[in-house]
Amino acid sequence: MMWKKAIALLCAFLAVGGLTGCGETTDVPHREGKAAGASSETHMVKKDAKAIVVFFSATGNTKRAAEIIARTKGLDVWEIKPKEPYTDSDLDYTNDNSRVSREHQDRSLMPEIDGDVPGWDSYETVFLGYPIWWGEAPNIVYHFVRSHDFSGKQVIPFCTSHSSGLGDSDVLLEETAKSGEWFPGTRFSGGVSESDLIDWSGHF
């Protein structure tokens, strides 16, 4: 009968372990896929922190999502705009010689940004929105991240795409920033509903 007792003890041990794992909580909401290498630690959102939604949008999908989040939470919002706006031909990803294709092939091609976020240092939380191009964030978003100090800030990345996933975009942006507390990113479809955006932003 000793083997039965041993099995019973083992099952009890596994059950306790399972309950412990299920009992863990996180303040990071569900997202469509976690980027490889993203931190698994629990992030706690600072309450009553001054926050802003910063975004880049080429076709309007990310702009719509960003403005809904900002309006829902009563936050400031600032759009990352290139000094030389993208034309329809620039955005033709099927053309290897288009502007976006060349930028994708050469990370050193960083579009100059028009203006800067007023009072950047005063913000403690930054919702950072961008579209997914070739499975990653556009160069202009890397340029923005590289040229700003995120020390003391919590960064909540979100992106939109029609078919591509989040990929490693949030991880790569965090590595580029080299500062700040970055939450795992969230990917939304291009036509995400307003209610889904309101529900997601309500977790922060």
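In which handedness of crossing does helix H2 pass helix H6? This is a predicted model, in which local features need pLDDT of at least 70 and side-chain atom pairs count only at pLDDT 80 or more, while totals for chains, interfaces and linings use all residues. Residues are numbered from 1 along each chain as its sequence is written, and side-chain values use heavy atoms, leaving out hydrogens and water.

The crossing of H2 past H6 is right-handed, a term for a near helix turned clockwise from the far one by less than a right angle. Helices here are DSSP runs (H or I, at least four residues), as are strands (E, at least two), numbered from the N terminus. The axes of H2 (residues 61–73) and H6 (residues 194–201) come within 9 Å and cross at roughly 55°; axes are lines fitted to C-alpha atoms over the stretch in contact, with angles from 0 to 180 degrees between N-to-C directions.

Attention now turns to the nonpolar cores. Such a core is a set of buried (under 20% relative accessible area, 1.4 Å probe, protein chains only) Ala, Val, Leu, Ile, Met, Phe, Trp, Tyr and Cys residues joined through side-chain atoms within 4.5 Å. In the largest, which has 29 residues, Val 54, Ile 80, Leu 128, Phe 144 and Leu 173 touch the most other members. Helix H4 (139–146) is one of the elements that each supply at least two residues of this core, and H4 gives the largest share, five residues. Apart from this core lies another, of 19 residues, including Phe 55 and Val 192.

Methods: Buried < 20%, exposed > 50% of the residue type's maximum accessible area, 1.4 Å probe, protein only.
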